[in-house]
Amino acid sequence: MPPATPTGPAASPDCPIVCAASALGRIAVARFPHATRALALLCLAAVAAWGWNARLPLGIRWLPSPGNRVGIPRAFEKRLPEINVARALQLYEAADALFVDSRDQKDYEKDHIPGAVSLPMREWATAWPKMRDRLPKDRLLVLYCYGAHCGLSTRQGKALLENGYSKLVILDYGWKTWTEADGPTVKRPRARER
Amino acid sequence: MAAVKRLLTHPIFLRIAGLVVGAALLYASLDKIARPDRFADIVHDYDMLPVVAVNAFALLMPWTEMVAGAALILGVWRRGAGLLATALSAAFLIAIAQAELRGLKIECGCFDVSEMSSSQASWSLFARDIPLLLGSLLVWRKG
């Protein structure tokens with residue numbers, strides 16, 4: 001048996017929007033009760049997420065952080081600044097910083113910034129225990145990964161902050177911008193050259 | 001066949017299915033709710049959403065799991081919650097399948113979002129999620 005047509009205030013010149021919305025809502029509940037309840041639960045989830053995230057120390061922005069970085073807790077944004085390639089080259093020339101390559105090991109082996117250490121973020125669980133005693137806390141670390149939106153260096157920055165490192169910067173656009181700026185690299189010799 | 005159908009639509013069976021699916025969703029939501037930043041990283045790795053939507057999805061989805069799971073356990077608006085659970089399970093399956101087909105070696109982000117997690121998106125996780133989808137579907141359609 002089809003559901004009874006809901007009754008309620010109809011739209012009128014005195015009540016154009018609220019009454020029309022109310023009537024539509026009643027029809028939606030009558031015709032699609034489960035979908036409407038699912039939508040109500042979704043709204044409840046959105047309110048809970050908003051309230052929780054506003055109070056969470058490691059809460060994140062609803063939209064990406066400046067620089068289109070995702071997953072950065074608001075509290076970490078200023079502690080993980082980005083630098084451009086010109087600044088990175090200055091730091092490299094002055095030997096003021098240690099470069100940390102967050103890319104996969106195979107890509108590091110292919111070519112990397114001279115002097116950079118490999119700390120592949122995708123293998124963090126195995127790579128970090130080997131590296132934790134070799135990574136200085138008193139030196140500026142420049143983290144880089146593949147390019148825009150790669151996210152590995154940012155993620156690594158978060159993990160290092162949680163492990164007590166505070167002198168960290170992210171190379172914006174990472175390896176891509178470094179090679180485009182003709183920054184020095186170490187290439188693995190080809191098989192016949194070995 | 002009729003006996004199977006009777007069993008699957010029996011109120012006690014449906015209640016148990018709701019409890020199991022609800023508990024799984026509730027448990028799966030906890031770590032993601034505690035660390036939305038890490039879950040956002042994992043969502044980003046799946047490479048299915050535009051960058052602008054990743055954070056919002058990572059904030060909203062775990063709470064949707066939590067609310068749907070709690071509703072299923074409490075038996076409140078069970079079919080509505082079943083519909084949400086079905087949508088979530090289907091989304092999990094699609095996400096895992098596309099990651100496998102594209103050869104992405106990424107963390108699953110199913111229950112644990114820790115950097116030390118070793119749970120990778122894989123066909124075995126895909127298979128594990130199928131009963132979740134079937135249970136959700138049953139609660140939604142017959143609840």
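I count two residues as in contact if their C-beta atoms, placed from the backbone, lie within 7 Å. I am working on a predicted model.

**Entry 1: the contact between the chains**

I looked up how many residues each chain brings. Chain A gives 32 residues to the contact and chain B gives 30. I then asked which helices of chain B supply its side. At least two residues come from each of α3 (36-46), α4 (51-74) and α5 (78-101) of chain B. The top contributor is α4(B), with 12 residues.

**Entry 2: chain A in outline**

I listed the secondary structure of chain A and found seven helices and seven strands. Their order along the sequence is α-α-β-α-β-α-β-β-α-β-α-β-α-β. I checked burial next. Of the 194 residues in chain A, 28% are buried. I also checked sequence separation. Taking contacts in chain A between residues at least 6 apart in sequence, I find that 59% join residues at least 24 apart.

**Entry 3: domains of chain A**

I looked up the domain assignment. Domain 1 of chain A covers 16-55, and domain 2 covers 74-187. Their C-alpha centres lie 45 Å apart.

**Entry 4: strand β5 of chain A**

Is β5(A), residues 140-144, enclosed or open? I find four of its five residues buried, so the strand is largely enclosed by the rest of the structure. I followed its pairings in turn. With strand β2 (residues 97-101) of chain A, β5(A) pairs in the parallel sense over five bridges. Within that pairing, Leu140(A) is the bridge partner of Ala97(A). With strand β6 (residues 168-171) of chain A, β5(A) also pairs in the parallel sense, over three bridges. Here Leu168(A) is the bridge partner of Leu141(A).

**Entry 5: the largest nonpolar core**

I turned to the largest nonpolar core, which has 73 residues. Which residues have the most contacts inside it? They are Leu41(A), Val142(A), Ala68(B) and Ala85(B). Helix α4(B) gives the most to this core, with 12 residues.

**Entry 6: Ala68(B)**

Terms used:
Residues are numbered from 1 along each chain as its sequence is written. Chains are lettered from A and ligands numbered from 1 in the order in which they are written. This is a predicted model: local features need pLDDT of at least 70, side-chain atom pairs count only at pLDDT 80 or more; totals for chains, interfaces and linings use all residues. A residue is buried if 20 or more other C-beta atoms lie within 10 Å of its own, exposed if 12 or fewer, and partly exposed in between; C-beta atoms are placed from the backbone. Two strands pair if DSSP finds at least two bridges between them. Domain bounds come from an automatic or database domain assignment. A nonpolar core is a set of buried Ala, Val, Leu, Ile, Met, Phe, Trp, Tyr and Cys residues joined through C-beta atoms within 7 Å.
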